[in-house]
Amino acid sequence: MSRGWIGWLLHNLERNGVQDGEVVVNQFALSDQTGQEITVADGATQGSTSMFGQGGDGVKVQTVTLDDYVVLMGMERLDLLKMDIEGAEVQALQGAQHTIRHFRPRLAICIYHRWDDVFKVPRAILSTGVDYRFGFKWVQLKDGWEAILLAEPLPVGTAPAPVGR
């Protein structure tokens, strides 16, 4: 991860008229545990990062669960949870169990970083006990494609439709 990525983010927020307080910029890595230190390094393609990289090159950041972050920030609302965190989606979802149960947000989770994401990500979502309707979307980028799992919470008391009907 370039040391200047926060500078670019702040520059883009300013250029797009985002006012102070509308966006909170953090240097945390979402995970299934709070308080670990990891190294986030540049990935193989422009703009990508990885916490599974080689050696000590990169920026050291603390991990935080989404559940702990929500409490720390005193969040009262979460409508949409989007994750494209370079293969750490399952761990982050494991650290977001209470948050997902409490807020029942819509989800847009990338499922292309690891071969088994297509199985493990939906399983992690369903382990919250919230019934979701799943969809899928391919997104074409300049240098490739991204696969995104879309999840819409079903109204409380509504059973998911049986497969094949």
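This is a predicted model: local features need pLDDT of at least 70, side-chain atom pairs count only at pLDDT 80 or more; totals for chains, interfaces and linings use all residues.

User: Which residues do ring pairs link into a cluster?

Analyst: Residues are numbered from 1 along each chain as its sequence is written, and side-chain values use heavy atoms, with hydrogens and water left out. Rings of Phe, Tyr and Trp (its six-membered ring) pair if their centres lie within 6.5 Å, and planes under 30 degrees apart count as stacked, over 60 as edge-to-face and the rest as tilted. Going by that, the cluster joined by ring pairs is Phe136, Trp138 and Trp145.

User: How many aromatic pairs are there, and what is the angle between the planes of Trp138 and Trp145?

Analyst: The structure has three aromatic pairs. Trp138 and Trp145 make one that is edge-to-face, with 6.2 Å from centre to centre and planes at 85°.

User: Is Trp138 buried or exposed?

Analyst: Buried means under 20% relative accessible area, exposed over 50%, and partly exposed in between (1.4 Å probe, protein chains only). Trp138 has a relative accessible area of 53%, so Trp138 is exposed.

User: How many residues apart are Phe28 and Tyr69?

Analyst: These two form an edge-to-face aromatic pair, 6.2 Å centre to centre with 70° between the planes. Helices (H or I, at least four residues) and strands (E, at least two) are DSSP runs, numbered from the N terminus. Phe28 belongs to strand β1 (residues 28–30) and Tyr69 to helix α2 (residues 66–73), so to speak distant parts of the chain, linked by a pair that is 41 residues apart.

User: What is the strand order in the open sheet of four strands?

Analyst: Two strands pair if DSSP finds at least two bridges between them. The edge strands, each pairing on one side only, are β5 (80–83) and β7 (132–141). The pairing in this open sheet is mixed, and the order is β5-β6-β8-β7.

User: In which sense do β5 and β6 pair, and in which sense do β6 and β8?

Analyst: In general, strands of a sheet pair through backbone hydrogen bonds, either parallel or antiparallel. β5 and β6 have four bridges in the parallel sense, with Leu81 having Leu107 as its bridge partner in β6. Strand β6 (residues 106–110) and strand β8 (residues 144–153) also have four bridges, and their sense is antiparallel.

User: Which residue in β8 is the bridge partner of Ala108?

Analyst: The strand β6 is mostly covered, with four of its five residues buried. Over in β8, the bridge partner of Ala108 is Leu150.

User: Is Thr65 buried or exposed, and which residues does Thr65 touch?

Analyst: Thr65 is in the loop between β4 (59–64) and α2. Its relative accessibility is 7%, so Thr65 counts as buried. Contact means heavy atoms within 4.5 Å. Not counting residues up to four places away in sequence, Thr65 touches Leu30, Ser31, Asp32, Gln33, Thr34 and Gly95.

User: Which side chain does a polar contact join to Thr39?

Analyst: Thr39 is in strand β2 (residues 37–42) and is buried, given its relative accessible area of 18%. A polar contact is a pair of N or O atoms within 3.5 Å; within protein, one must be able to donate a hydrogen and the other to accept it, and residues adjacent in sequence count only if both atoms are side-chain atoms. At 3.3 Å, the side chain joined to that of Thr39 is Lys60.

User: How far apart in space are Gly157 and Asp131?

Analyst: Gly157 is in the segment after β8, and its relative accessible area of 83% makes Gly157 exposed. Gly157 and Asp131 are 26 residues apart in sequence, and C-alpha to C-alpha they are 9.1 Å apart.

User: How many helices and strands does the chain have?

Analyst: From the N terminus on, the elements run α-β-β-β-β-α-β-α-α-β-α-β-β. That comes to five helices and eight strands.
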